[in-house]
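The sequence and structure are shown first.

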Amino acid sequence: MYYTEGLPVPETPSPGETPGPWERTDVVGKPRPRVDAYERVSGTAVYPSDIVLPRMLYGAILRCPHPHAQVKKVDTTAAEAPPRVRAVIGPGDPKTDLPWSFRDVKTTLFPKTCRFEGEPVAAVAAETLYQAWDAAGAVRVDYKVLPHVSDERRALEKDAPKVHENGNKLKTDTYSRGDVEKGFFEADVVLEQHYRTEAEVHTPLELHGCVANWDGDVLTIWESTQGVYAVQSRVAEVLGLPLSKVRVIGHYMGGGFGSKLQTSRYSIVAALLAKKTGRPVKSFLPREATFLAMGNRPPSNMTLKAGVKKDGTLTALSFTCLGTGGAYPAGGTSLVDWQIRDLYLCPHVRTECTDVYINAGPARPFRAPGHPQCSWALEQMLDALAEAIGMDPVALRLKNVPDYSQGREGNPPYTTTGLKQCFKEGARRFGWEKARRKTAGQEKKGHLRRGVGMAGSVWFVGGGGPPSTVILKLFSDGSANLNMGASDIGTGTKTVMAMVAAEELGLRPEMIRIEHADTGTTQYATPSGGSKTVPTEAPTVRDAAVQVKRRLLQMAAEEMDLPVEDLRYTGDDIVSRSRPDRRIRIVDISGLKRQGVVVGVGHRGPNPEKKTVNPFCAQFCEVEVNTRTGELRILRFLSTNESGRVMNRLTFDSQVIGGVTMGIGLAATEMRILDANRTGKMVNRNWHDYKLPTSLDVPADIVGVPIEMPDAEANISGAKGLGEPVTIPTAAAVANAVYDAVGIRITESPINPLKLSSLLEQQKKEG
Ligand code: MOS
């Protein structure tokens, strides 16, 4: 049968009663391969970029080659001439004069002033992809090239070219508590250091893009997105359509990391080209365009001054950051100061973050926006403070672990925090003390030097919350269909949700089919991001399963002529508590047979009041530096994460490995290079010159250690987020390990051989 048979099933709470925490679980928390593993691995999974429709055309978007230019004239005559070109649209076309905006700065689909290299200028649709690109290349554009500013550190200089008429300063955000001057006065040691992280560019495996098709007045878009409802609302708004006439589908998604949370101009362009030609149009960006226009983790220029007492008590933190979201308001300094405010106990804190414009592609959220940058500064500073007072780095952090959020109004307590346990258990599992003694006592003669480093983190979001609705439909044979709007962005959301429904119903997870991420047929969900998908959707799914059980109990009560309170749902049957001989198999309930299905509608309940839900992490690594070549090898990595309940140990480990890998990219390999002094163009816009970490750059030995503390207050699944916290402290841990190995503090990312060898050379000279 479809039921797990014999495994205990959670009690069904009465109507109006909130389900308590699972006392034990038989499916949830176990290692379980993805429900769609076969489809993903075999290549049969249909990603949006795989969609091919009958009579489909290919779209191509011509982009501005200059970082700053006026579009004086667009001549499409030559592009329209070739026989198999079906449509050309440009700024002259009244239908394309549609409003576009970056937050509150308004522009148009094809702007008259391009403020970054890669802004759309015109678009074409043709029978083949090559014909489309040839035609785009034949569009003649007269540009008036304007002076550009490509380095945020120069953006506020008096003679810097202006990105927008009213200047290059977007805003300065400040925060303060206590009195930092008093805090520094009380300190035994005060250190100040400047830090910088380079911009990292979004370049997920599946390119950004969509297929658009009109069926009468209904627009359907297959899009590689983290949130179908987000795309639906923006497309409807820009095109002036009712939501009901825009259907967005995104069943698979080959990597987003925050770059596919928002709607891009290519979706509007595809819809317009499809409208104009009366045919479906596929418009995916070439790799080069993703580097220019699909977002980045902004660069950060941070100065941190910190005071500590001899016993390890932090007394004051003063932090400034200069950042940029590029040419438009795009969160250039979003959350960059969060961990300064919240991670460690500190009475006196001041932060000031200035966000400026430069002529470069707008930033987008990038796996834990702001946090890894902040961690790069804060966690290296803590290491330096520990050394200055002769304290172990882990002990210094343990001395300053809070159990409430200092950065939030009213200092709400965390529902749970396992930060202390992360440090302690991480240090134990890593063998921290022994490893530290070993690297401290190592022969300084050899050219290969080993070092160990560690860092901790808190993630700003990670608790999820309403709204979310799902529908769970139990068929008459006992199998089920789970209908939810959320996207599975590669993290295993579908698998985890099948496990939740299975746990609650006592059903084998294979018997649950999932229908998801389609605004036409599935329920409303917020985009998958912020490490909030599991804590948002899992409780919703559990609620739906409880509704199904209640309905079945009601049906059985009528049929068995027993009070519903007397009945218990056991998995494959419903049993009377008072007379255990009276039972009925689920599939024999005549109400279910007659109706065909039983439906449970689940909703996400509210988050706890006056408390905050956050996940925590601590990481430890060992590196080896080749002092002759400046090469860095990362030998092993250990990540301890407190993310509430572990829903699936396999997907947990996947997140750990992916998050650490991305963090190593920030630490050691990735940086956007703009030709700031001459053309302002990005010079490393490909996977050869922009170096993502590969399997040769990351250790085989990446170990995830869950600190499992099911969070009974956070939500009825007990889970918090994981995907973002797990990438926050990585780069800082690597930098700290490099310092331990060779005594050089690398305060500017990335730690590549060029930089490291020249610093080693300098160190030698200084003797
Ligand atoms: Mo994430 S940066 O919220 O996808």
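## Strand β12

A residue counts as buried when its relative accessible area is under 20%. The model is predicted, and in it strand β12 spans residues 209–215. Five of the seven residues in β12 are buried, so the strand is largely enclosed by the rest of the structure.

## Pairing partners of β12

β12 pairs with strand β13, residues 218–223, in the antiparallel sense, and six bridges join the two. Within this pairing, Trp214 of β12 stands opposite Leu219 in β13. The two strands form a hairpin with two residues between them. In that hairpin Gly216 takes a positive phi near 65°.

β12 also pairs with strand β15, which covers residues 281–284. This pairing is antiparallel as well and has four bridges. Here Val211 stands opposite Lys282 in β15.

## Cysteines

A disulfide is a covalent bond between the sulfur atoms of two cysteines. The structure holds zero disulfides. Cys374 is in no disulfide, and the nearest cysteine sulfur, in Cys353, lies 8.4 Å away. Cys374 is buried, with a relative accessible area of 0%.

For Cys617, the closest cysteine sulfur belongs to Cys422, at 6.4 Å. A disulfide requires the sulfur atoms to be within 2.5 Å, so the distance from Cys617 to Cys422 is too far for a bond. Cys617 is buried, with a relative accessible area of 0%.

Conventions
Residues are numbered from 1 along each chain as its sequence is written. This is a predicted model: local features need pLDDT of at least 70, side-chain atom pairs count only at pLDDT 80 or more; totals for chains, interfaces and linings use all residues. Side-chain values use heavy atoms; hydrogens and water are left out. Buried means under 20% relative accessible area, exposed over 50%, partly exposed in between (1.4 Å probe, protein chains only). Two strands pair if DSSP finds at least two bridges between them.
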